[in-house]
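Trainee: Hi! I've just opened this one and could use a guided tour. Can we go through it together?

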Amino acid sequence: MVDYKLNKKLEHIAFIMDGNGRWAKKRLLPRTRGHKEACSRIIEVLRACKDLNIKVASLYAFSTENWNRPQDEIDKLFEYLDDFFNDYIQEFIETGVRVSVMGDITRLPKHTQETIEKAKKLTENNTKIVFNICLNYGGRQEIVRATKLIVEDIKAGKLDENELDTEKFKDYLYSSGLPEVDLMIRTSGESRISNFLLYQLAYSEFIFTPTYWPDFTVEKLIECLKEYETRDRRFGAIKE
């Protein structure tokens, strides 16, 4: 159980889990060893978010650009992903974790697609926290996809173009139905969002930590949450 209480609204937290390869290289280990260690941090952080009553945790696991990595590294990533869900699916079922996926998973290995669909099905009625994993995901691609869906609905007479606004647009995103992202944390010291949740991060708070993801412990998470609670979120308004 996490010994910390949030005093500011935080329904949706997002993570760019960066630095796995550098973590491994620093220890003279293969890059894939960093990805394996990263899985241990995922479950620890997810458990902590659940204890803190955060409703959604979105994790950037594999981007549309990650296909440019060596094939053996990609293969290992999906192997670890399969192992992760197989290891923890029973815990998710029993503790109220609902698995959700953002991105085009049709390009993923067949065995990984089956693992993900099984996890989604087995947890679809859970309500404690949404574990939203982003796979073969890109923010620009998501917006283009949403635009095409909107055009299709307008042509089919399902949508009046005059009804289209920023709220209606959200209905066509992968994240439809999820609350706004309150806080985005990126590990490893990089200060960019790398095509992650471009629409959803419009009014999010950002924290960039130098800690590599495999070293991102629950204690590091709480440090970030304490920083978040010092932020004055005005959403474009003026507070006297």
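Trainee: To start with, how many bridges are there between strand β1 and β5, and are they parallel or antiparallel?

Mentor: Strand β1 (residues 12–16) and β5 pair in the parallel sense, over four bridges. Two strands count as paired if DSSP finds at least two bridges between them. Before we go on, this is a predicted model, where local features need pLDDT of at least 70 and side-chain atom pairs count only at pLDDT 80 or more, while totals for chains, interfaces and linings use all residues. Residues are numbered from 1 along each chain as its sequence is written, and side-chain values use heavy atoms, with hydrogens and water left out.

Trainee: Thanks. What do you mean by strand and helix here?

Mentor: They are DSSP runs numbered from the N terminus: helices are H or I with at least four residues, strands are E with at least two.

Trainee: Which residue stands opposite Ala14 in β5?

Mentor: That is Met184. On to the next pair: β5 is joined to β6 by four bridges, and these two run parallel. There, Ile185 stands opposite Ile207 in β6.

Trainee: Is β5 covered or open on its faces?

Mentor: Both faces of strand β5 (residues 183–186) are covered. Leu183 and Ile185 lie on one side, Met184 and Arg186 on the other, and all are buried. Buried means under 20% relative accessible area, exposed means over 50%, and partly exposed is in between, using a 1.4 Å probe and protein chains only. In a regular strand the side chains alternate between the two faces of the sheet.

Trainee: What's the strand order in the whole sheet?

Mentor: Six strands form an open sheet in the order β3-β4-β2-β1-β5-β6, with parallel pairing. β3 and β6 (205–208) are at the edges with a single partner strand each, so one side of each has no neighbour in the sheet. On average, neighbouring strands of this sheet are turned by 20° against each other, direction ignored.

Trainee: Tell me about β4. How many of its residues are buried?

Mentor: Nine of the nine residues in strand β4 (residues 129–137) are buried. β4 pairs with strand β2 (residues 56–63) in the parallel sense over seven bridges. Val56 has Val130 as its bridge partner in β4, and Phe62 has Leu135. Strand β3 (residues 97–102) also runs parallel to β4, joined by six bridges, and Met102 stands opposite Cys134 in β4.

Trainee: Switching to helices: how do α3 and α4 pack?

Mentor: Helix α3 (residues 71–95) and helix α4 (residues 110–123) pack at an angle of about 15°, with their axes 10 Å apart. That makes α3 roughly parallel to α4. Angles under 35 degrees count as roughly parallel, over 145 as roughly antiparallel, 65 to 115 as roughly perpendicular and the rest as oblique. The axes are lines fitted to C-alpha atoms, for helices over the stretch in contact, and angles run from 0 to 180 degrees between N-to-C directions.

Trainee: And which residues of α3 and α4 make the contact?

Mentor: Among them are Phe78, Leu81 and Phe85 of α3 and Thr115, Ile116 and Leu122 of α4. Contact means heavy atoms within 4.5 Å. By class, this contact of α3 with α4 has nine nonpolar, five polar and one charged residues. Ala, Val, Leu, Ile, Met, Phe, Trp, Tyr, Cys and Pro count as nonpolar, Asp, Glu, Lys and Arg as charged, and the others, Gly among them, as polar.

Trainee: At what angle does α4 run to β3?

Mentor: α4 lies across β3 and β4, and runs at about 140° to β3.

Trainee: How about α2 and α3, at what angle do they cross?

Mentor: The axes of helix α2 (residues 31–51) and α3 cross at roughly 25° and come within 10 Å. That makes α2 roughly parallel to α3. The residues of the contact of α2 with α3 divide into nine nonpolar, three polar and seven charged.

Trainee: Last one: where is Glu65, and which residues is Glu65 in contact with?

Mentor: Glu65 sits in the loop between β2 and α3. At a relative accessible area of 37%, Glu65 is partly exposed. Leaving aside neighbours within four places in sequence, Glu65 is in contact with Tyr60, Gln141 and Asn195.
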